[in-house]
Amino acid sequence: MKKLVIAISMLALAASAAFADPIRDRQALMKERGKIVGGLSKVAKDEEPFDAAAVLTQLQALQANAEKFDIDALFPKGSESGDTTAAPKIWEDMAGFKAVEDKYLADVKAAVAAAPADADALKTQVGAIGSDCGTCHQGYRIKKG
Amino acid sequence: MPWLKKLVGVALILGVAGAAAGWLLSAPVKLDAATLAQLGPGDAARGKRIFYAGGCSSCHAKPGAQGDARLQLVGGLELKTPFGTFVPPNISQDPKDGIGAWSVADLANAMLKGVSPTGEHFYPAFPYGSYARMKPSDVADLYAFLKTLPAVSGKAPDNSLAFPFNIRRGIGLWKRLYLSDQPVIPLPDGTPEPVMAGRYLVEGPGHCGECHTPRDFAGGTRKGQWLAGAVAAEGGGVVPNITSGEGGIGNWSASDIANYLETGFTPDFDSAGGAMVDVQRNMAELTADDRAAIAAYLKAIPPHPNGYPARKKSTK
């Protein structure tokens with residue numbers, strides 16, 4: 001009996017580790033996303049020198065980040081409460097939420113495909129991507145203190 | 001019991017006198033002739049700047065409209081607040097459903113005094129509490145620019161407010177308490193020009209304090225916590241502290257602020273969210289000088305700790 005209890009609790013532990021913490025996971029992906037966009041934005045604004053290969057690597061990293069953003073896994077029912085700034089609207093309008101994320105991924109892919117050759121071209125791509133950030137945060141995030 | 005009769009009589013007289021005084025004190029007051037004389041001819045090109053500084057389309061464009069559709073000022077957004085639901089009206093050039101038939105004096109009375117052409121109070125959800133600080137000539141410029149925008153038919157639904165906020169006349173008393181054309185933050189002589197220009201943009205047309213300053217029980221902004229951040233009037237959540245006080249943006253440089261207003265990115269590359277998204281997109285239409293002025297003013301104002309309660313950290 002004792003062994004059974006231990007076995008069950010170990011299973012439960014393993015399961016919770018596998019599910020991890022969707023709130024923490026999505027926040028980590030968002031942090032990474034912001035950092036990459038931040039670096040690209042500095043180049044687009046001529047605050048840092050333009051290096052086409054480095055820029056492309058960063059854009060590809062942004063795409064990898066976006067592709068990892070599995071909404072079903074990261075925003076399961078029940079993850080609207082807790083230490084999160086996700087707006088309840090996400091779960092009320094899941095289709096709309098997914099649509100803005102899809103548009104973001106499409107714009108990131110387009111930027112990778114375009115492989116910007118100078119800071120001006122990058123600026124256009126970063127502008128489109130930045131506008132997607134705003135559109136999503138406008139409706140689907142609530143600022144908390 | 002003759003004394004009771006007397007008491008009732010006195011109470012009645014006091015009640016009637018009080019009601020009469022309240023009625024007089026709550027009367028809508030329009031602009032005087034001297035102010036109207038300062039309107040001038042108005043210039044649409046200059047008015048475009050005022051339009052974006054004032055963020056007219058944030059509330060008056062059709063909800064969700066993007067691009068040029070944001071210039072169709074048909075109204076209809078629902079602002080769900082503790083006072084009830086406010087619905088910004090159609091302010092397009094349609095003469096029947098919008099404000100196409102308004103004179104420039106009508107617009108000035110609306111923006112600077114919160115009074116409609118028919119002499120009724122507007123609710124201060126329309127931020128004339130800030131617009132009251134605007135120069136009449138800027139209102140005339142805005143009028144000229146609005147004239148260049150399309151007429152769109154269709155009336156937005158009425159406000160739906162709870163008692164006693166549904167009594168429009170009561171706003172007259174609110175105005176006596178809170179409506180002023182004077183600056184919020186006094187600046188001494190010799191203050192650098194960008195700070196002065198920023199004060200005008202922030203306190204006047206930009207109406208930043210309407211969301212970023214906490215309000216008292218009667219819905220007036222608490223000037224002692226100017227721009228300290230506040231519980232959001234709608235949608236839950238908070239509006240950030242934009243002073244240099246604790247929890248605010250003291251660690252942002254002036255150019256960080258200007259860059260945020262231009263691009264929507266914070267120094268650590270988070271992005272603007274909520275209602276600020278539209279505001280930022282409007283700010284991006286201003287000149288770099290205007291954005292720098294706003295930044296200079298925000299760096300110059302008194303720092304305050306957050307004007308909203310600390311977040312309860314979840315134990316989860």
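Student: Into which domains is chain B divided?

Tutor: Domain bounds come from an automatic or database domain assignment. Here chain B is divided into domain 1 (32–182) and domain 2 (183–309). Their centres, taken over C-alpha atoms, are separated by 22 Å. This is a predicted model, in which local features need pLDDT of at least 70, side-chain atom pairs count only at pLDDT 80 or more, and totals for chains, interfaces and linings use all residues. Residues are numbered from 1 along each chain as its sequence is written, chains are lettered from A and ligands numbered from 1 in the order in which they are written, and side-chain values use heavy atoms, with hydrogens and water left out.

Student: How many residues of each domain of chain B are in contact?

Tutor: Contact means heavy atoms within 4.5 Å. In chain B, 28 residues of domain 1 are in contact with 26 residues of domain 2. The buried area, that is, the accessible area (1.4 Å probe) that two parts lose on being put together, summed over both, is about 2,200 Å² between these domains of chain B. Y52(B), R133(B) and Y178(B) lose the most area on the side of domain 1, together 27% of what that side buries.

Student: Which salt bridge can be named between the domains of chain B?

Tutor: A salt bridge is a side-chain nitrogen of Lys or Arg within 4 Å of a carboxyl oxygen of Asp or Glu. The count between domain 1 and domain 2 of chain B is two. R70(B) forms a salt bridge with D278(B), with the closest N and O atoms 3.5 Å apart.

Student: What is the order of strands in the sheet of chain B?

Tutor: Strands of a sheet pair through backbone hydrogen bonds, either parallel or antiparallel. Strands (E, at least two residues) are DSSP runs, numbered from the N terminus, and two strands pair if DSSP finds at least two bridges between them. In chain B, an open sheet of three strands has the order β1-β2-β3, with antiparallel pairing. β1 (79–81) and β3 (160–161) of chain B stand at the edges, each with a single partner strand, so one side of each has no neighbour in the sheet. Within this sheet, K80(B) stands opposite T85(B) in β2(B).

Student: How many residues does each chain bring to the contact of chain B with chain A?

Tutor: Chain B brings 22 residues and chain A brings 24 residues. F265(B), F269(B) and R311(B) supply 32% of the area that chain B buries against chain A, more than any other three residues. Between these chains, R141(A) forms a salt bridge with D270(B), the closest N and O atoms being 2.9 Å apart.

Methods:
Helix = DSSP H or I, 4+ residues; strand = E, 2+ residues; numbered from the N terminus.
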